[in-house]
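Student: Hi! Could you walk me through this one, a few quick questions at a time?

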There are 2 protein chains.
Amino acid sequence: MKKLRNVNYCNDASCGSGGSVCLPDSDYPRVLIVGGGFAGLALARGLRKEKVQVVLVDRNNFHQFQPLLYQVATSGLEPDSIVFPFRKQIAPYGNVVFRMANVLEIKADENVIVLDKGTIEYDYLILATGTTSNFFGLEHVKKWSLGLKDIRDSLNIRHNMLQNLEQAAITCDPEERDALTNFVIVGGGPAGVEMAGALAEFCRYILPKDYPEYPPEIMKIFLIEASDRLLSVMSDKASRKTLQYLRDLNVSVILNELVVDYDGRTVVTKSGRKIEARNLIWTAGVTGELPAGIGKEHLVRGNRIKVDDNLRIPAYDNIFAMGDIAAMITPETPHGHPQVAQPAIQQGKYLARAIPNIIKKRPNKPFVYKDKGALATVGKRKAVADIKKFKFAGYAAWLLWSLVHIMSISGFRNKLLVGVNWALSYFSYEKSNRIIIRNYKRED
Amino acid sequence: MKKLRNVNYCNDASCGSGGSVCLPDSDYPRVLIVGGGFAGLALARGLRKEKVQVVLVDRNNFHQFQPLLYQVATSGLEPDSIVFPFRKQIAPYGNVVFRMANVLEIKADENVIVLDKGTIEYDYLILATGTTSNFFGLEHVKKWSLGLKDIRDSLNIRHNMLQNLEQAAITCDPEERDALTNFVIVGGGPAGVEMAGALAEFCRYILPKDYPEYPPEIMKIFLIEASDRLLSVMSDKASRKTLQYLRDLNVSVILNELVVDYDGRTVVTKSGRKIEARNLIWTAGVTGELPAGIGKEHLVRGNRIKVDDNLRIPAYDNIFAMGDIAAMITPETPHGHPQVAQPAIQQGKYLARAIPNIIKKRPNKPFVYKDKGALATVGKRKAVADIKKFKFAGYAAWLLWSLVHIMSISGFRNKLLVGVNWALSYFSYEKSNRIIIRNYKRED
């Protein structure tokens with residue numbers, strides 16, 4: 001096998017022609033991974049010592065740690081703390097190359113994928129393209145609201161929020177001012193709940209410090225959920241506690257309600273309620289992000305690709321799917337596994353063992369998901385946890401949440417950055433809190 | 001005087017009409033500062049205990065530390081390390097309010113400025129709007145090159161550079177690959193020199209680590225200067241040493257040469273030389289950024305506003321200019337003061353004393369600039385310094401440079417972030433250097 005490090009470019013005129021992407025030669029089978037999320041990265045890492053050439057394709061040059069996107073959106077963390085460059089990650093792996101491109105189409109008959117920058121042939125193709133926001137056909141909502149699925153979404157939310165807070169200082173119209181400072185979050189899953197909690201903390205502790213001109217009650221936060229409880233994937237206790245924590249933080253939680261229209265200013269619900277808000281954050285649903293070439297016959301609910309218990313798409317010998325885009329339907333998982341980090345990581349690790357077996361024509365055991373439990377945080381120092389039979393909430397759950405997230409994030413530098421930021425804000429929360437009270441009293 | 005903290009909004013219908021920007025009432029004269037650079041911030045700070053209402057207007061909600069923009073451009077620092085929110089800065093000052101807006105026009109007859117978001121009346125107007133890149137009418141160059149004047153420019157340069165490096169991995173065409181990885185920097189002043197040095201360090205120490213596939217000589221850096229020496233504002237010794245340091249870092253320095261055209265790919269010089277490069281960074285000149293309403297009769301070379309020795313525009317009683325936009329013409333400064341941080345800070349402090357005197361109808365002494373010397377760095381551990389009669393270069397100059405910059409940056413958090421980043425890179429420079437050599441040897 002040729003070393004991939006410091007290879008010279010092929011400089012082969014025939015290679016560039018036909019639009020193929022330049023890749024080092026290799027005598028080993030090529031495993032092409034599309035998408036460097038939790039699943040894709042776990043797979044690339046797991047294959048690092050196998051006799052395969054791994055090609056990782058992603059539209060970004062970095063992995064993003066999705067569980068903390070809401071903290072970037074609310075200025076708690078900077079983007080560089082929760083993204084990690086693929087090239088840094090794969091640098092120690094001798095057999096992995098990275099190419100930054102968008103996937104346009106899969107040509108399964110030719111074992112080729114078409115990118116916006118050329119084509120790549122594969123021996124084994126693994127789709128780990130994840131999901132994108134689902135607006136359920138509400139075009140106005142799609143146009144005017146902000147999703148929370150990648151780092152650009154986080155920065156859009158942050159910029160929109162800060163610009164609106166600045167504009168609120170400029171306008172003399174009290175109705176316009178209210179609209180600029182109101183937030184509506186749609187969707188009571190983990191993303192919506194954590195976003196609402198973080199915004200409520202911002203409103204309580206940061207706003208009076210940075211915008212002393214504003215009355216503290218100026219910013220109102222609404223969380224709208226279609227079903228009758230928050231965090232419906234978690235236990236009843238977790239739902240109940242979350243509702244209580246959010247209400248303690250002055251979030252208006254509205255259950256059994258749907259958003260049906262939005263024009264950038266007025267949120268309209270199914271029951272006819274209208275809320276004036278220039279900020280609408282949409283976390284109400286996701287849909288699989290599919291390249292062309294995977295027919296509808298392979299899909300199940302939520303635009304997910306149906307895979308067998310080896311994560312293979314049944315109609316193809318050499319195409320697999322994993323992570324949020326994949327749905328392995330079993331009696332225990334009639335809609336596939338939950339679309340969160342743990343199944344994705346476990347599936348990536350599973351295929352890192354399974355693909356070498358397939359190459360060597362050895363049998364594979366079916367994929368089995370080990371549920372490690374679920375965690376969600378509501379503002380600082382409060383969280384809910386369902387760990388197997390243990391359902392608990394409060395400070396201990398928050399400590400566990402913090403520990404799990406610090407441990408999971410890629411890279412020492414990022415762990416350090418996130419840890420230092422959290423430690424600083426943990427203590428300055430007290431401090432800024434006191435300063436605000438003092439300033440506030442001094443006013444009269 | 002009304003307290004400005006926690007004031008309720010005026011909610012006065014007549015206030016909003018006519019499009020005026022909402023501002024707290026005050027019995028004191030209003031000092032309106034346009035631009036929150038070094039000069040504007042120094043003035044706001046200096047007026048914090050005076051009996052005036054200070055209104056600071058800027059298009060951004062943050063002050064940027066311009067001397068380190070090139071480090072953000074080359075991924076050495078993150079943007080949040082070198083920008084500082086105005087609201088955090090002014091929070092302790094009881095009489096300063098901030099409004100984020102673009103200035104469109106000055107109506108000196110009415111004592112009003114027109115913003116994109118409404119109008120503001122003033123008693124005293126201070127223009128500190130700085131400069132923007134000057135392309136000397138070269139429209140093609142303006143369209144395709146990247147300036148280095150604000151934080152967005154820095155991020156543009158960084159994104160462009162990283163995208164081109166990724167694209168170089170994808171193309172099989174060796175000429176295209178060269179163009180993608182070549183950099184041309186135009187202008188041999190401090191910005192161009194520091195940028196060239198940082199890029200050369202990137203090329204030497206980061207590129208082989210993050211892009212082990214590339215031959216180390218792939219990235220070529222050209223620095224083009226119109227005059228016969230670099231850093232023409234500094235001493236001959238500084239120019240000579242800078243040239244030597246850059247050549248040691250493999251930067252191709254081309255003196256006595258002008259860039260006359262660029263189409264996004266081929267840089268054309270006056271002498272007919274052509275350089276293929278997808279990255280052109282323009283630091284060859286600046287021009288004053290003037291709002292409408294200041295007639296040409298008030299301007300001197302470089303679109304700067306001519307001011308008297310009290311920094312007043314002679315034709316007006318109550319309009320002043322300071323920082324890069326102002327030119328105080330004296331026998332010692334026939335073209336005004338140098339357009340760098342020190343004169344701006346000193347002018348801001350001067351007006352903070354002068355304006356209260358003017359209000360109280362007391363005389364002012366003329367502004368006198370105290371030259372503290374000049375510093376420029378070339379890559380890590382090398383710098384040049386002209387401090388009064390002492391001209392020195394090398395490691396000691398670099399230590400001084402580091403110290404001065406850490407001390408000058410706003411805010412404890414930013415000092416800490418920049419300091420930690422520099423310390424980490426200072427040590428990891430050694431470390432990554434060794435690792436590269438080892439990997440490189442392992443290749444054959």
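Student: Where is A:Val72 found?
Tutor: A:Val72 is found in helix H3 of chain A. Helices here are DSSP runs of H or I with at least four residues, strands are runs of E with at least two, and both are numbered from the N terminus. Keep in mind that this is a predicted model: local features need pLDDT of at least 70, side-chain atom pairs count only at pLDDT 80 or more, and totals for chains, interfaces and linings use all residues. Residues are numbered from 1 along each chain as its sequence is written, while chains are lettered from A and ligands numbered from 1 in the order in which they are written.

Student: Is A:Val72 buried or exposed?
Tutor: A:Val72 is buried, because 25 other C-beta atoms lie within 10 Å. The cut-offs are 20 or more other C-beta atoms within 10 Å of a residue's own for buried, 12 or fewer for exposed, and partly exposed in between, with C-beta atoms placed from the backbone.

Student: And what does A:Val72 touch?
Tutor: Leaving out residues up to four places away in sequence, A:Val72 touches A:Leu77, A:Pro79, A:Ile82, A:Ile151, A:Ser154, A:Leu155 and A:Arg158. Contact is called when two C-beta atoms, placed from the backbone, lie within 7 Å.

Student: How is chain A divided into domains?
Tutor: Domain 1 of chain A covers 13–133 + 287–359, and domain 2 covers 135–284. Those bounds come from an automatic or database domain assignment. The C-alpha centres of domain 1 and domain 2 of chain A lie 33 Å apart.

Student: How many residues does the contact take from each domain?
Tutor: The contact takes 14 residues from domain 1 of chain A and 19 residues from domain 2 of chain A. On the domain 1 side, helix H3 (69–73) and strand E10 (131–133) of chain A each supply at least two residues. The largest share of that side, five residues, comes from H3(A).

Student: Switching topic: which way do the residues of strand E12 of chain A point?
Tutor: In strand E12 (residues 221–224) of chain A, A:Ile221 and A:Leu223 point one way and A:Phe222 and A:Ile224 the other way, and all are buried. In general, side chains in a regular strand alternate between the two faces of the sheet.

Student: What does E12(A) pair with?
Tutor: Pairing needs at least two bridges found by DSSP between two strands. Strand E11 (residues 183–186) of chain A and E12(A) pair in the parallel sense over four bridges, with A:Ile185 opposite A:Leu223. Four bridges also join E12(A) to strand E13 (residues 251–254) of chain A, again running parallel, and A:Leu223 stands opposite A:Val253 there.

Student: How does the chain cross from E12(A) to E13(A)?
Tutor: The chain goes through helix H10 (residues 236–248) of chain A, and this β-α-β crossover is right-handed. Right-handed means that, with the strands pointing away from the viewer, the path from the first strand over the helix to the second runs clockwise.

Student: Over to chain B: what is the order of the four strands in its open sheet?
Tutor: The order is E13-E12-E11-E17 (chain B), with parallel pairing. Strand E13 (251–254) and strand E17 (279–282) of chain B stand at the edges with a single partner strand each, so one side of each has no neighbour in the sheet. The twist averages 15° from one strand to the next.

Student: Which helix packs on the sheet?
Tutor: Helix H9 (residues 190–210) of chain B does, touching E11, E12, E13 and E17 of chain B. The direction of H9 makes about 170° with that of E12(B). Axes are lines fitted to C-alpha atoms, for helices over the stretch in contact, and angles run from 0 to 180 degrees between N-to-C directions.

Student: Last one: why is helix H2 of chain A largely enclosed?
Tutor: Seven of the nine residues of helix H2 (residues 38–46) of chain A are buried, so H2(A) is largely enclosed by the rest of the structure. Among the buried residues are A:Phe38, A:Leu41 and A:Leu43.
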